Amino acid sequence: RCKNLSVSFWNSYWMLPSDVCGMNCFWEAAFRYNYRKTHLSEKMHLAVVACGERLEETVTMLRSAIIFSIKPLQFHIFAEDQLHESFKDILDDFPYEGKVKYTLYPITFPTESAAEWKKLFKPCASQRLFLPLILKNVDSLLYVDTDILFLRPVDDIWSFLGKFNSTQIAAMAPEHEEPRIGWYNRFARHPYYGVTGINSGVMLMNMTRIRRKYFKNDMTPVRLQWGQILMPLLKKYKLNITWGDQDLLNIMFFHNPESLYVFPCQWNYRPDHCIYGSNCKEAEEEGIFILHGNRGVYHDDKQPTFRAVYEAIKNYSFGDDLVHSLLQPLELELRKTTHTYCGRVYKVFVKQLTKSVRDLYARRSKGR
């Protein structure tokens, strides 16, 4: 509708014929101009929730975010109390070069239903649902699971915020690209977004909009705000949901599809995209942008391609040459995985990573 409008539209609107773009397009272009003007120079906020044995995995994810990102990062780390000291010891030793800050938070749920939320799906997983209510002074946020690895700057997924239209409040990727292997369209006993549902492991949020929105639902004709709708949804569907908070998000966006921006699969690339044959065309063309090693594949031998990337980033020392210390050893390990389905397309695992390294060195050269 307004895809090809540039920021110049804002300046030339009054000179355009009335049939070029209606008022909806005007306000959409105005919003995007205003967003870029006021937000894209600010720091990027990234949140993660870590419980149990997820310390190392979380730190590795944070390392991947630091390596390539350009603008300053603010980490919001929600963790069990016993993990806080370990996080501090590790993160305080990182050579941030002034571009990263972090804040540690306890795991907290609404008092009257804390036990129920904590046992939903995995321990602490549903904490993400309450981030808009806890981080009240944060305008926008990128939430990621602990098993995420950034293979290009966080800045690039952060820029999707500027592409939201006037109704969109969050962005996620589809759960599946291929309906024949989709989980939601074959097994779900509740409403879900789109054809195959959405995956909440990478979730970009305009939290100001989330807090302000009144959501349509199937429980009452009255629209409810984010803080009002969560518990009623859980009560209605708790016997029908398998994937906990992700299922609740699918239900919410089923009823409010205009509120979701969907980004391509290469921004949330999971084993399902290659173990049944390659089914993420965008990754085949441009490489993987964000790797999501769900089902514990970083820590077993079932998907050695995923594990190889994880180990390479975990073992990389800040300041070392990225070509010789990261890319070359990783490609050697990936070549050993060609006996697996994901290994057959191992080049998609290094395609974008190689470009990210090249771009990083180019930026450093210009900065000298």
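Biologist: Which residue of strand 2 stands opposite His45?
Modeller: Opposite His45 stands Gln74 in strand 2. The model is predicted, so local features need pLDDT of at least 70 and side-chain atom pairs count only at pLDDT 80 or more, while totals for chains, interfaces and linings use all residues. Residues are numbered from 1 along each chain as its sequence is written, and side-chain values use heavy atoms, leaving out hydrogens and water.

Biologist: In which sense do strand 1 and strand 2 run, and how many bridges join them?
Modeller: Strands (DSSP runs of E, at least two residues) and helices (H or I, at least four) are numbered from the N terminus. Two strands pair if DSSP finds at least two bridges between them. Strand 1 and strand 2 run parallel, joined by 7 bridges.

Biologist: What is the order of the strands in the open sheet?
Modeller: The order is 3-2-1-4-7-6-10, which makes 7 strands with mixed pairing. Strand 3 (100-105) and strand 10 are the edge strands, each pairing on one side only. Elsewhere in the sheet order, strand 4 and strand 7 pair in the antiparallel sense over 5 bridges. Val144 stands opposite Val202 of strand 7.

Biologist: Which residues have the most contacts inside the largest nonpolar core?
Modeller: A nonpolar core joins buried Ala, Val, Leu, Ile, Met, Phe, Trp, Tyr and Cys residues through side-chain atoms within 4.5 Å. The largest one here has 42 residues, and those with the most contacts inside it are Trp117, Leu131, Leu141, Met205, Leu248 and Phe253. Among the elements that give two or more residues to this core are strand 1 (44-50), strand 4 (140-144) and helix 11 (245-255). Helix 10 gives the most, with 7 residues. A second, separate core of 40 residues includes Val59, Phe87, Ile157 and Leu161.

Biologist: Which residues does Leu131 touch?
Modeller: Contact requires heavy atoms within 4.5 Å. Leaving out residues up to four places away in sequence, Leu131 touches Ala47, Phe78, Leu141, Tyr143, Met205 and Met207.

Biologist: Is His176 buried or exposed?
Modeller: His176 is buried, with a relative accessible area of 7%. The residue lies in the loop between strand 6 (170-174) and helix 8 (184-187). Beyond its neighbours within four places in sequence, His176 is in contact with Ile181, Gly182, Trp183, Thr196, Arg270 and Asp272.

Biologist: How many aromatic pairs does a search of the whole structure find?
Modeller: Rings of Phe, Tyr and Trp (its six-membered ring) pair if their centres lie within 6.5 Å; planes under 30 degrees apart are stacked, over 60 edge-to-face, and the rest tilted. The search finds 18 aromatic pairs. The pair of Trp183 and Phe187 is tilted, because the ring centres are 5.9 Å apart and the planes stand at 55°. Phe187 is partly exposed, with a relative accessible area of 43%. Tyr269 and Phe349 form an edge-to-face pair, because their centres are 5.8 Å apart and their planes at 80°. This pair links distant parts of the chain, the two residues being 80 residues apart. Both Tyr269 and Phe349 are buried.

How values were computed: Buried < 20%, exposed > 50% of the residue type's maximum accessible area, 1.4 Å probe, protein only.
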